[in-house]
Amino acid sequence: MADRPVPVVEKRLMDVKLGELGTWLGGRDFTPNGLISALRKGHDRYYNKYINVKKGGFGGIAMLLAGYVALSYLWEYDHIKHDRWRKYH
Amino acid sequence: MALSFFDQFMSPNFLGIPLIAMAIALPWTLYPTPSTRWLSNRLLTLQNWSINRFTQQLLLPLNQEGHKWAALLASLMIFLLSLNMLGLLPYTFTPTTQLSLNLGLAVPLWLATVIIGMRNRPTHALGHLLPEGTPSLLIPILIIIETISLLIRPIALGVRLTANLTAGHLLIQLIATASFVLLPLMPTVAVLTTALLFLLTLLEVAVAMIQAYVFVLLLSLYLQENV
């Protein structure tokens with residue numbers, strides 16, 4: 001499968017080899033516009049794969065909510081860890 | 001220690017960003033923009049149908065002028081409903097438990113209805129301060145009472161929402177702690193307490209929806225009087 005060689009920066013993350021990771025990260029667009037367009041593309045990919053389908057089920061939103069719960073736990077970990085270590089509540 | 005039960009209402013920071021920022025931004029991601037297709041996906045169809053039904057019901061008692069508030073009232077309802085319901089998930093933060101947010105929503109909207117009434121139909125708006133058929137002796141006292149009742153409306157709106165949600169969350173945490181601590185000591189009592197917790201959670205879901213609705217309904221009532 002010897003196609004034309006693709007520049008490292010334009011490959012998708014899963015196609016980047018481990019040694020090329022540094023180059024890949026360095027070439028990405030970290031300007032505010034770049035970040036916003038990356039978020040928008042990610043959102044569109046998720047939306048078109050799980051929600052904007054003919055027979056979408058509850059799973060599309062459920063994954064979002066589960067991710068939200070996980071993210072909230074991560075946010076509150078510093079606060080919650082004291083509850084585990086405490087003897088009397 | 002009793003003080004730790006209120007810790008759930010403090011928004012923790014992570015990398016400098018408070019959790020309340022993410023909690024407020026989240027409802028925006030759950031409601032996709034309506035598309036121009038004739039047949040959209042299930043989420044959009046459901047969303048369109050429910051918002052249309054709700055807005056139609058809400059705007060029934062309002063006159064033509066009041067219909068300008070349709071977008072504001074509908075989006076307020078969706079916002080409050082999502083914030084309340086999302087707060088019932090584990091480890092999440094409910095922004096509507098903060099009095100600052102609720103007063104920030106209630107006071108400007110109430111003030112807008114009052115100013116609209118005073119500007120466009122001042123006599124009619126002031127006429128609400130005296131109900132029909134009061135005996136002449138009672139008029140001065142009643143006007144004072146009605147003015148106080150008018151001025152207390154925004155505080156009532158904000159505090160009602162805050163108190164209901166805060167009390168609910170606090171109760172859930174208290175009963176959950178009790179049932180967790182009782183488990184090694186008296187398992188039967190712990191099972192009963194868990195059943196109580198289950199019923200309480202159902203109540204909280206209902207309260208979350210009802211309180212959002214009450215907020216918007218009262219606002220539409222205040223609008224109806226003044227517009």
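**Exercise 1. Determine whether R153(B) is buried or exposed, and identify its salt-bridge partner.**

Solution. Step 1: R153(B) has a relative accessibility of 17% and therefore counts as buried; buried means under 20% relative accessible area, exposed over 50%, and partly exposed in between, with a 1.4 Å probe and protein chains only. The model is predicted, so local features need pLDDT of at least 70 and side-chain atom pairs count only at pLDDT 80 or more, whereas totals for chains, interfaces and linings use all residues. Residues are numbered from 1 along each chain as its sequence is written, chains are lettered from A and ligands numbered from 1 in the order in which they are written, and side-chain values use heavy atoms, with hydrogens and water left out.

Step 1: The partner of R153(B) is E225(B), with the closest N and O atoms 3.4 Å apart. A salt bridge is a side-chain nitrogen of Lys or Arg within 4 Å of a carboxyl oxygen of Asp or Glu.

Step 2: R153(B) lies in helix α6 of chain B and E225(B) in helix α7 of chain B, so the pair ties together parts that are 72 residues apart in sequence. Helices (H or I, at least four residues) and strands (E, at least two) are DSSP runs, numbered from the N terminus.

Step 3: E225(B) is partly exposed, at a relative accessible area of 25%.

**Exercise 2. State how many salt bridges the whole structure contains, and describe those of R40(A) and K68(B).**

Solution. Step 1: The search over all chains finds 3 salt bridges. In general, side chains of opposite charge can pair when their charged atoms come close.

Step 1: R40(A) pairs with D44(A), the closest N and O atoms being 3.8 Å apart. Both residues lie in helix α2 of chain A, 4 residues apart, about one turn of the helix. R40(A) is partly exposed at 46% relative accessibility, and D44(A) is partly exposed with a relative accessible area of 32%.

Step 2: K68(B) pairs with E65(B), with 3.4 Å between the closest N and O atoms. Here K68(B) is exposed, at a relative accessible area of 63%, while E65(B) is partly exposed at 40%.

**Exercise 3. Characterise the interface of chain A and chain B.**

Solution. Step 1: Contact joins 23 residues of chain A to 26 residues of chain B, where contact means heavy atoms within 4.5 Å.

Step 1: The two chains bury about 2400 Å² between them, 69% of it on carbon and sulfur atoms. Buried area is the accessible area (1.4 Å probe) that two parts lose on being put together, summed over both.

Step 2: On the side of chain A that touches chain B, α2 (32–51) and α3 (59–85) of chain A each supply at least two residues. The most comes from α3(A), with 13 residues.

Step 3: E76(A) is found in helix α3 of chain A and is buried, with a relative accessible area of 11%. Leaving out residues up to four places away in sequence, E76(A) touches P12(B), L19(B), Y91(B) and T92(B).

**Exercise 4. Identify the residues that touch the most other members of the largest nonpolar core, and the element that gives the most to this core.**

Solution. Step 1: The core has 27 residues, of which L76(B), L80(B), L157(B), F215(B), V216(B) and L219(B) touch the most other members. A nonpolar core is a set of buried Ala, Val, Leu, Ile, Met, Phe, Trp, Tyr and Cys residues joined through side-chain atoms within 4.5 Å.

Step 1: Two or more residues each come from α2 (42–58), α3 (70–86), α4 (99–120), α6 (139–182) and α7 (187–226) of chain B. The element that gives the most is α7(B), with 7 residues.

Step 2: A second, separate core of 10 residues includes Y68(A), W75(A), L30(B) and F93(B).
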